[in-house]
Amino acid sequence: MNTLTVPASGATAPSRSRRRGDLATDAVVVVAVVAVLVVGLSTDRFVSYANLKAILTSASLVGIAALGLTLIMVGGAAVSLAISQTVAASGMVFLSAQSLGLVPALVLAVVCGAVVTGLQGAVVGFAAANPVVLTIAASFAITGVATGLTGGTSVSPSGTGYDVLNATPGGVPLCVFVLLALTAVVEWVLRRTGFGRSLYLGGENRRAARAAGLPVGRTTTVAWLGAGSLFAVTAAFTAAFNTAANVNLGGTLTFDAIAAVLAGGTPISGGRGSAVRTLAGAVLIAAVSDILLLRGYSTGVQIMVKGVIVLLVVVLVHLRSKGRAS
Amino acid sequence: MTSHPLGRPAVLLPLTAFGVTLVAFVLVPTYSDATIGSFDVYNTLQIFARLGPLALALGLTMIAGEFDLSVVGTYALGGMLTVQLGQEHVAHGVLAAVGAGAAIGLAQGCLIAGLRLPSMPVTLATYIALLGLTSALSGGLTKTYANVDVILWVDQTVLTWFSPRSLITLALFALAALVLAATRWGRELRAIGGDRRASRVAGVAVGPLLVGTFVASGVIAGLGGSLLSLSLGSANPDPGVQPLILAAAAALLGGVSLAGGRGSAVGLLGGILAVALLAEIATVTALPAYVTQLFYAGLLGIIVVVDAPDLHSALVRLRADLGPGNARVPAHPARNPHV
Amino acid sequence: MTVASTSARTGHELVRVDGLVKSFGSTRAVRGASFGIEAGEIHALCGHNGAGKSTVVKMLSGQEDPDGGEISIGGEVVDLRSRQAAQRAGVALVDQELSVVPSLSVAENLMLGDARTGWLNRARRSRRRFRALLDSVGLTHVALDRPLSSLGIGERQLVEIARALGQDARLLILDEPTATLSDVESEYVYASVRKVAATGCAILFVSHRLGEVLALCDRVTVMRDGAVVATAAADGLTVDSLIEQMLGEAPSRLDRTRAGRSGDVVLSVTGLSVPGRVHDFSISLRAGQVYAVAGQLGSGASDVLRALAGLVPAATGVVEVDGRRVRTGRPTVASAAGIAFVSNDRKTEGLFLDKPIGWNLLATRLPTLTRLGVVSRARWSRSVAELLGVCAIEPHRARDAVGSLSGGNQQKVFVGRCLHRDDVRVLLLDDPTRGVDVGGRAAIHDLLRSAATDGLAVLFSSTELEELLDLADVVVTMHKGDVVRTHVGDTAGSVLLREITHGGHDPHDPRDPHDRGVGAPAKELLS
């Protein structure tokens with residue numbers, strides 16, 4: 001069909017527009033962080049090494065899974081609603097394989113998460129399936145198989161190697177170091193590799209990427225494989241901490257991870273976002289919850305404020321990108 | 001491509017899902033020791049009354065091409081408000097729940113329609129915020145409802161199979177069916193879900209329609225939560241994600257498409273009844289939970305694969321490869337790839 | 001067919017457009033359009049692409065707010081701020097783009113957006129009226145309850161026309177209503193439009209098919225460069241005089257002097273067909289030559305290019321690059337075989353608007369810039385600098401979002417990303433200067449010529465005569481899915497335009513002089 005030949009909009013935007021646009025997104029995060037800091041500094045016991053550790057620790061497990069979701073969202077597939085279930089399944093694999101030793105168990109868990117998630121990615125990437133419905137189906141399938149295999153009981157560790165993951169070198173939990181390291185790795189992959197660039201391109205505009213001859217299906221599948229591996233890392237730490245794993249191991253992780261990615265200013269429409277932003281989003285939510293906790297607010301208020309933060313960031317990011325487009 | 005009504009997914013899906021589960025339900029005595037009585041029908045309808053409003057609220061927004069994740073938040077808040085404000089007069093509680101639902105829907109609808117925001121992140125944020133608000137209102141505790149008369153009334157057996165609660169839910173579906181099938185609003189709702197640009201060009205007032213849909217979704221979810229807490233005699237601040245996932249599965253089985261534009265209230269009824277029957281069968285026959293879950297996974301898997309746009313073009317390509325000149329023009333020249 | 005004798009003109013001016021002005025950014029799309037339409041009159045609006053017709057239609061139908069000027073209907077000035085307002089004022093529209101909803105039934109589409117329908121469906125009461133409407137556009141075989149998605153594209157278009165016909169409007173606008181219709185289907189539309197005109201409705205008919213314009217319409221308003229050039233009675237016009245008014249000067253001729261540096265055959269296409277769109281298209285492209293497929297919307301010209309780029313799953317036929325067979329229907333395969341494609345839809349199927357200019361320039365050559373999957377920064381910035389030079393865009397803008405460029409510069413980036421690549425043999429461009437201003441157009445033409453000089457075979461589609469004459473060494477004209485003729489020799493622009501607008505000859509146009517002395521029959525040249 002012929003589209004209307006509307007003359008190209010004036011578009012004489014100044015050459016600094018892109019950098020200014022990106023600055024605006026970052027400014028949102030910065031202003032929010034400053035506001036949090038101001039309130040935080042005026043909060044008793046906020047500025048202390050112990051509290052900083054607490055914030056990072058509470059951000060770390062959600063943060064690692066959110067890094068995986070970042071890959072999915074940058075690739076344009078909106079969300080996965082099967083994160084909790086994938087984490088539960090990988091956690092079970094991890095604990096039941098403890099008799100093989102820590103490293104083989106970790107590898108098996110990662111393979112489990114990567115295969116389960118990568119399969120979904122292939123269907124999304126090659127057939128353009130709706131990721132929301134697909135991941136809902138996957139969440140049923142994973143829980144069903146896991147329940148069927150375990151008979152609905154908790155899996156206990158078959159060895160003690162997992163305890164290494166509960167280590168606190170220098171008083172900081174291992175998972176905090178892992179979160180920081182993985183953030184660096186994911187950021188590097190997204191920024192510096194050909195895969196990362198095709199992921200951004202395909203995520204922004206699938207049709208254009210296809211017309212340009214980019215391998216959209218393969219790139220999407222690889223992104224989901226990576227996401228599954230990251231979910232499995234979260235799973236290993238969560239299972240090690242709980243020393244048991246059942247189908248509810250993932251808890252509310254699905255929505256917590258989505259909230260962290262969105263709070264980092266990554267739009268759900270794809271093609272934008274970064275690992276560092278997701279880290280910022282996860283830390284922001286953890287820090288705000290921490291402040292509210294220190295100031296004596298209930299869990300309910302903490303959750304409510306988390307929702308409001310996500311809503312504000314979503315609206316602000318959207319307004320900014322719309323302002324730039326017109 | 002077929003024009004026969006039975007070939008359309010909006011009819012075929014709920015009919016199959018409901019048909020299969022109904023046969024399985026009726027035949028329960030033949031493959032297990034359990035028997036089926038009128039109480040099991042009553043129970044099925046009670047499950048229907050619990051999940052039905054959620055499926056309906058979610059389904060309406062899906063038909064319009066949006067996705068309202070916040071329904072479970074509204075559901076939880078509605079239940080809590082009913083318990084806390086309706087201790088003396090139950091009407092106050094129900095009105096508060098419905099009013100809160102309307103206000104939430106109005107706010108979300110204005111944001112989404114006014115700023116042309118994607119609905120998923122907005123409603124997800126609202127969902128989280130509402131769960132927090134509900135938890136804050138109750139101090140994180142389950143609140144009990146003391147008015148025993150009301151509790152007994154909503155679940156009393158009416159006409160052997162029904163209760164006031166399931167009848168109210170059925171009435172909601174009947175009302176939705178009437179609106180969707182017999183009013184301009186219903187037609188335009190499916191139109192904006194099917195092709196928003198074309199609807200706008202044709203003269204449909206898209207913005208007000210979207211706001212109205214979100215308000216309806218909020219009201220139905222709030223009322224559903226209210227009825228649930230009256231039935232349980234308590235309100236739980238966190239219903240978990242299971243109701244949302246089951247409601248979404250019911251809507252999809254009901255023939256509603258996440259791409260929008262497809263679905264009917266009768267189809268939704270079929271979908272949610274299938275879910276309710278399955279739950280009752282699982283209870284009666286002590287079926288392991290994983291069997292039900294795998295069943296849902298299989299059904300949704302088929303739906304998602306059949307609906308995938310590029311799979312369709314792969315089939316067209318295959319047909320073009322096999323028989324030159326035999327291929328027909330694809331039936332879906334343009335599909336919205338986004339949710 | 002009877003011509004103007006069926007005119008229902010009343011002499012009473014029902015619609016008046018006075019000094020309409022509209023700009024988009026720095027582009028002045030319409031700079032003062034004034035004309036009147038009488039009750040019962042079928043009034044044509046003609047003009048070349050970009051003349052401002054569509055913008056006038058958008059303002060009349062409530063889709064765009066005019067920057068200045070007035071619209072009055074029945075003597076009263078009306079404010080058409082939205083589609084709803086326009087409908088209340090009695091304006092019905094058949095949009096240029098197909099605007100019916102596939103997921104609704106035929107009857108529901110007929111009711112869609114109709115301001116007169118109440119809140120309750122009264123479909124049953126209206127069934128007889130709907131049936132008559134469908135019959136009047138020739139859809140006698142289509143049941144009211146069929147889902148629209150089960151209909152073909154032409155039938156859907158007829159449903160949209162039926163919807164507008166049934167709105168009892170005071171002003172009925174039809175924007176290229178017959179572009180996707182067959183001759184038989186078009187006949188039904190003409191008859192229905194005449195019938196509606198006879199009821200005293202004013203009709204604005206926008207079309208590229210000049211034969212049908214002259215046969216159907218009472219008067220013709222011609223627009224050029226955003227302004228109304230003339231309004232004249234159709235009786236006194238011929239296709240040629242109309243073309244002359246649209247172009248503003250005597251049509252130039254296809255210049256042969258550039259041709260001749262052709263190399264080996266690079267792309268050979270035999271029997272390419274797209275069901276319902278293209279019938280049996282064949283062509284051989286030689287390196288160093290610029291080829292054009294010329295045709296209006298619905299002619300199949302655009303579909304040929306899309307099929308060659310692998311974007312039409314249903315396409316069949318033999319496509320060979322350098323003698324090697326390329327499977328159709330797979331964009332990655334076409335791209336790997338050396339076919340680069342520039343879509344006519346820059347926004348949704350072309351550029352990545354939020355991404356930097358540099359990214360967009362390199363999007364199609366990522367594998368050449370990476371080592372072991374890691375992007376080499378040196379090679380990346382070297383390539384960006386080189387291509388920015390090719391596109392003549394300031395180097396310091398490499399990091400700006402491509403969406404911040406003007407339309408012309410965006411298009412340069414779009415074309416530029418296919419250039420200076422060793423692996424590209426054929427460059428396909430679908431309407432490469434759509435929505436591009438004069439300066440940008442010249443720059444893009446230069447890019448295409450230099451691409452041919454560098455040894456590429458270039459094939460573009462266009463609806464613009466000037467562009468065809470300026471740029472192409474060989475022009476293939478298409479009409480309704482068939483090749484009309486291939487022009488390698490000296491050809492007058494008016495001959496091309498005639499073939500594009502109504503094929504080899506036009507059965508509707510009694511005034512068609514049947515001038516077919518130029519050019520050779522298509523099949524002979526192509527096989």
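## Basis

Residues are numbered from 1 along each chain as its sequence is written, and chains are lettered from A and ligands numbered from 1 in the order in which they are written. The model is predicted: local features need pLDDT of at least 70, side-chain atom pairs count only at pLDDT 80 or more, and totals for chains, interfaces and linings use all residues.

## Chain A

Chain A has twelve helices and zero strands. Helices (H or I, at least four residues) and strands (E, at least two) are DSSP runs, numbered from the N terminus. Of the 326 residues of chain A, 61% are buried. A residue is buried if 20 or more other C-beta atoms lie within 10 Å of its own, exposed if 12 or fewer, and partly exposed in between, with C-beta atoms placed from the backbone. Take the contacts in chain A between residues at least 6 apart in sequence: 80% join residues at least 24 apart. Two residues are in contact if their C-beta atoms, placed from the backbone, lie within 7 Å.

One helix pair is α4 (residues 102-127) and α9 (residues 216-242) of chain A, packed at about 145° with axes 6 Å apart. Axes are lines fitted to C-alpha atoms, for helices over the stretch in contact, and angles run from 0 to 180 degrees between N-to-C directions. The crossing of α4(A) and α9(A) is right-handed. A crossing is left-handed if the near helix is turned anticlockwise from the far one by less than a right angle, and right-handed if clockwise. The contact of α4(A) with α9(A) has 18 nonpolar, eleven polar and no charged residues. Ala, Val, Leu, Ile, Met, Phe, Trp, Tyr, Cys and Pro count as nonpolar, Asp, Glu, Lys and Arg as charged, and the others, Gly among them, as polar.

## Chain B

Chain B has 15 helices and two strands. Of its 339 residues, 58% count as buried. For contacts in chain B between residues at least 6 apart in sequence, 75% join residues at least 24 apart.

The C-alpha atoms of chain B fill a box of roughly 75 × 55 × 35 Å along the principal axes. A compact globule with 339 residues would have a radius of gyration near 20 Å; chain B has 21 Å, which agrees. The radius is taken over C-alpha atoms, and the globule rule is 2.2 Å times the number of residues to the power 0.38.

## Chain B against chain A

Here 44 residues of chain B are in contact with 44 residues of chain A. On the chain B side, α5 (90-115), α6 (119-138), α12 (242-253), α14 (289-307) and α15 (309-322) each supply at least two residues. α6(B) gives the most, with 13 residues. By class, this side of chain B has 35 nonpolar, seven polar and two charged residues.

## Chain C against chain B

The contact takes 33 residues from chain C and 35 residues from chain B. On the chain C side, α2 (83-88) and α3 (106-111) are the elements that give two or more residues. α2(C) gives the most, with three residues. The chain C side divides into 15 nonpolar, 14 polar and four charged residues.

## The six-stranded sheet of chain C

Six strands of chain C form an open, mixed sheet in the order β6-β7-β8-β3-β9-β10. Two strands pair if DSSP finds at least two bridges between them. The twist averages 20° from one strand to the next.

Helix α6 (residues 183-198) of chain C packs on the sheet. It touches β3 (42-47), β7 (171-175) and β8 (202-206) of chain C, and its direction makes about 150° with that of β8(C). Helix α8 (residues 239-247) of chain C lies across β3, β9 and β10, running at about 30° to β9(C). Strand β9 (residues 219-224) of chain C runs antiparallel to β10(C), joined by six bridges. Arg219(C) has Ala233(C) as its bridge partner in β10(C).

## Buried elements of chain C

Strand β20 (residues 426-430) of chain C has five of its five residues buried, so it is largely enclosed by the rest of the structure. Val426(C), Leu428(C) and Asp430(C) point one way; Leu427(C) and Leu429(C) point the other way. Four bridges join β20(C) to β17 (residues 339-342) of chain C, in parallel. Ala340(C) stands opposite Leu427(C). Five bridges join β20(C) to β21 (residues 457-462) of chain C, also parallel. Val426(C) has Ala457(C) as its bridge partner in β21(C).

Helix α14 (residues 407-416) of chain C is mostly covered, with ten of its ten residues buried. Among them are Lys412(C), Val413(C) and Phe414(C).
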